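Here is a quick tour of one structure, meant for someone who has just opened it. Take a look at the model first, then read on.

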Amino acid sequence: MNSKGLKYLAKDSAKWLAISAGLEFANMLRMLPYGQKSRHRGVIFTLHHVREGRVCGFSPNAHLSVTPDFLDTAIKTVLDEGYEIIPLHAIKARLQEPDGKSFAVFTLDDGYRNNASDALPVFTRYQAPFTVFAARGLTRRTNTIWWETVAALLNTQDAFEYDFGSGPETLHCRSLSEKTAVSERLARHIIGRHENSAIAALNIAAEKCGIDPLGIVDTLVMDEAELSDFARQPLVSIGAHTCSHRALAFLDDTTAATEMRESADYVEAVTGIRPCTLAYPYGFRTAVSGRDERLAGECGFKLAVTTQPGTLGTNALSRPYALPRISLNGLYQKARYVRALAGGLPFGMTG
Ligand SMILES: [Zn+2]
């Protein structure tokens, strides 16, 4: 598929993260003409799963998984290029140092169990700190991971019933093109104003097909006891990732603020440390509003990260609640991608 097609898909599809992250490298080259490179000081990487396994069948979430070997390569590449890996909460001080060393930050969203079993040993090998963003509803098993539910449906069913709000309809998903179309349509429907009810309808559809959406969460995500143990690791920081993992921009002021504040309360209750960092669910432009940036500050966070691609320049602290990140994408697990970032641009040129 050409880049035009990819961009089209990225706009409105379940592949939003895969495609946008895949294009980040190329986009950054265009975004950062040579003369601007010296203004860039660091980068925050986003990961989700770190685990073994190859993509097979229909894998709409493959972009969310990298292997431990690739994580090792990414860390090594960043270090070889002369960057210091620092904790997320330390970037404010670093950016305020006029001649501070270039830095890289590693973050992992959603609190997957493999962050402890597979990622931690790699980070430990390099004594590299990292932040895991935990969502209360996932850790407590009160909310489901809809994109995994969709993948389970599409990998096991030729068709299933779903109600988009105008009555049940049969979604055919036998062929790859049908699966892709259904996956994209569901994503467009779910990430919006009616996320709760859209996910509830998906859960009903899945249960009718013998799929247990909460069981998927229970398999993949750390529970409270595990999160509490994990947080005691010296290299680990736990950040907040809201309670229900809904797109905040679509929620009213009170609900959005409650999502943020209560998720910080929760992380503090489980780990004993109040988080000073927040990752917005989804994190892309339409999922996070200026209102949410303001609320993040009012809720006491020091920094908040999006998934909007970019690196951190000397002016990054002008919007500490809208920090960009670069996805380490499971579909692009090549050292050269990390090297492209860590090499010539943009933070390699810090004066
Ligand atoms: Zn998330």
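Angles under 35 degrees count as roughly parallel, over 145 as roughly antiparallel, 65 to 115 as roughly perpendicular, and the rest as oblique. This is a predicted model, where local features need pLDDT of at least 70, side-chain atom pairs count only at pLDDT 80 or more, and totals for chains, interfaces and linings use all residues. Residues are numbered from 1 along each chain as its sequence is written, and side-chain values use heavy atoms, leaving out hydrogens and water.

Start with two helices. The axes of α7 (residues 146-156) and α9 (residues 195-208) come within 10 Å and cross at roughly 30 degrees, so α7 and α9 are roughly parallel to each other. Who meets whom? On the α7 side there are Trp146, Thr149, Val150 and Leu153, and they meet Glu195, Ile199, Leu202, Asn203, Ala205 and Ala206 in α9 (contact means heavy atoms within 4.5 Å).

Now for the cysteines. The structure holds zero disulfides, a disulfide being a pair of cysteine sulfur atoms within 2.5 Å. Cys173 is in none, and the nearest cysteine sulfur, that of Cys209, is 8.4 Å away.

How covered up are some residues? Buried means under 20% relative accessible area, exposed over 50%, and partly exposed in between (1.4 Å probe, protein chains only).

| Residue | Relative accessibility | Class |
|---|---|---|
| Cys173 | 0% | buried |
| Cys243 | 5% | buried |
| Asp252 | 45% | partly exposed |

Asp252 sits in the loop between β9 (236-240) and α12 (253-271). Its C-alpha atom is 9.9 Å from that of Arg193, 59 residues apart along the chain.

Definitions and conventions. Axes are lines fitted to C-alpha atoms, for helices over the stretch in contact, and angles run from 0 to 180 degrees between N-to-C directions. Helices (H or I, at least four residues) and strands (E, at least two) are DSSP runs, numbered from the N terminus.
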